[in-house]
Each structure stands twice: as structure tokens, then as C-alpha cells.
Amino acid sequence: MFPDYSVGDDIAKGRLVPVFADWSLPTGGIHAVFPPARFRPARVRAFDDLLAAAEKKRSLGVAVA
């Protein structure tokens, strides 16, 4: 099971195919848990922004590649 934002391009180009196309996980959100820190590294903020943008697109029904 991979998130659509991670494999959407590969599925669209035919490099991957869904095996159980009629099955899906129960709906839910993405949760990111970070230890307390005053300053987060830029790469952690960038990853968090990527997850938030992908979840927003997914919730709007927009294909995420």
C-alpha cells in the first residue's frame, strides 16, 4: 500500500498497476508527529509541507502525482 502522491505518476504511465483495484483502506488523514523543537530543519518542514499539500489535493479529489 503506497500513498497516491508517491506512485500516482507510475500508475498513470503504466509502470505500476493496482492489484486490488476494488479494495481500499478506510479513509483517514495523514498524521505527522515531531518531537518538540524550537527550530525544525528545512527538510522536515519541506516534508511536512509536501504531506499537507498532497492531503489537501486528495481531499479535493485532485489527482496527486
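Modeller: Before we speak of charges, note that Lys and Arg count as positive and Asp and Glu as negative, while His and the chain ends are not counted. The place of a charge is taken as NZ of Lys, CZ of Arg, CG of Asp or CD of Glu. This is a predicted model, in which local features need pLDDT of at least 70 and side-chain atom pairs count only at pLDDT 80 or more, whereas totals for chains, interfaces and linings use all residues. Residues are numbered from 1 along each chain as its sequence is written, and side-chain values use heavy atoms, with hydrogens and water left out.

Biologist: How far apart are the mean positions of the positive and negative charges of the protein?

Modeller: The protein carries 9 positive and 7 negative charges.

Biologist: How many helices and strands does the protein have?

Modeller: Helices (H or I, at least four residues) and strands (E, at least two) are DSSP runs, numbered from the N terminus. By that rule the protein has 0 strands, and its helices number 2.

Biologist: Why is the protein said to be more spread out than a compact globule, and what is its radius of gyration?

Modeller: The radius of gyration is taken over C-alpha atoms, and the globule rule is 2.2 Å times the number of residues to the power 0.38. For 65 residues that rule gives 11 Å, and the protein lies well over this value, so it is more spread out than a compact globule, with a radius of gyration of 14 Å. Along the principal axes, the C-alpha atoms fill a box of roughly 45 × 25 × 20 Å. The value asked for, the radius of gyration, is 14 Å.

Biologist: What percentage of the residues in the protein is buried?

Modeller: Buried means under 20% relative accessible area, exposed over 50%, and partly exposed in between (1.4 Å probe, protein chains only). Counted over the 65 residues of the protein, the buried share is 9%.

Biologist: Which residues are linked in a network of salt bridges?

Modeller: A salt bridge is a side-chain nitrogen of Lys or Arg within 4 Å of a carboxyl oxygen of Asp or Glu, and the structure holds 3 of them. D9, which is partly exposed at 33% relative accessible area, meets K13 at 3.5 Å, N to O, and also R15 at 3.4 Å. R15, itself exposed at 52%, forms a further salt bridge with D10, where the closest N and O atoms are 2.7 Å apart. The network therefore links D9, D10, K13 and R15.

Biologist: How far apart in space are S24 and R43?

Modeller: S24 is found in the loop between α1 and α2 and counts as exposed at 54% relative accessibility. Along the sequence S24 and R43 are 19 residues apart, and from C-alpha to C-alpha their separation in space is 30 Å.
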